[in-house]
Amino acid sequence: MESDNRSTTAVEKLTGGFALPQQEPSRLLQDIIDHLMIHPNSTFAVHVGSMAMRGLGIFEGDTLLVDRSLEPHHNQIVLAVVDGEFLVRQLHIHQGTVELHPANSRFPIITPREGHEIILWGVAVTVIKRLFRKNRDGKTA
């Protein structure tokens, strides 16, 4: 039988953590909020509805935490409203022109044109991925 050469001390290399489960649940929740959000009062969650950002690891079904108080900058992931439709894209600013780039070649780059409204709604600060999902009867799948 071959021995497993993996290090048994890998867990010791973690650089942070949250309250232990024996501690008050409200403290654990506050630790998680503090870790995931910059400005909790201006942050909201949106569910990603397409694969447009898969090249950056954001997939359909993921949840983004979007902060409306942050000023969007070049290369940030933003929630934008384009002609009344919410989209998640990477912001590109070139010589004062705003473009919204997907991270999937099957989706078009969005550039402003006459009569085309683009509103930058907020900056994505966190992506949340569920490892287990509940099915219809409430059990994890």
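Predicted model: local features only at pLDDT ≥ 70, side-chain atom pairs only at ≥ 80, totals over all residues.
How many residues of strand β3 (residues 77-82) are buried? I looked this up and noted that six of its six residues are buried, which leaves β3 mostly covered; buried here stands for under 20% relative accessible area, computed with a 1.4 Å probe on protein chains only. A strand in these notes is a DSSP run of E with at least two residues, numbered from the N terminus.

Residues are numbered from 1 along each chain as its sequence is written, and side-chain values use heavy atoms, with hydrogens and water left out.

**Entry on β3.** I checked which way the side chains point, and found Ile 77, Leu 79 and Val 81 on one side of β3 and Val 78, Ala 80 and Val 82 on the other, all of them buried. In a regular strand the side chains alternate between the two faces of the sheet.

**Entry on the partners of β3.** Two strands pair if DSSP finds at least two bridges between them. I found that β3 and β4 are joined by six bridges in the antiparallel sense, and that Ile 77 has Gln 90 of β4 as its bridge partner. The hairpin of β3 and β4 has two residues between the strands, and in this hairpin Asp 83 takes a positive phi near 50°. Toward strand β6 (residues 118-128), β3 again runs antiparallel, with five bridges, and Val 82 stands opposite Ile 118 there.

**Entry on the whole sheet.** I traced six strands in an open, antiparallel sheet, in the order β1-β2-β6-β3-β4-β5. Because β1 (43-47) and β5 (97-101) stand at the edges with a single partner strand each, one side of each is left without a neighbour in the sheet. The partner strand β4 (residues 85-94) is joined to β5 by five bridges, antiparallel, and in this pair His 92 stands opposite Glu 99.

**Entry on the largest pocket.** A pocket is an open set of points on a 1 Å grid over the protein atoms alone, where a 1.4 Å probe fits and protein lies on both sides within 12 Å along at least five of seven lines; lining residues have an atom within 4 Å of a point. I noted that 13 residues line the largest pocket, and that Val 48, Gly 49, Phe 86, Leu 87 and Val 88 are the closest to its centre. The largest share of this lining, five residues, comes from β4.

Key. Helix = DSSP H or I, 4+ residues; strand = E, 2+ residues; numbered from the N terminus. Buried < 20%, exposed > 50% of the residue type's maximum accessible area, 1.4 Å probe, protein only.
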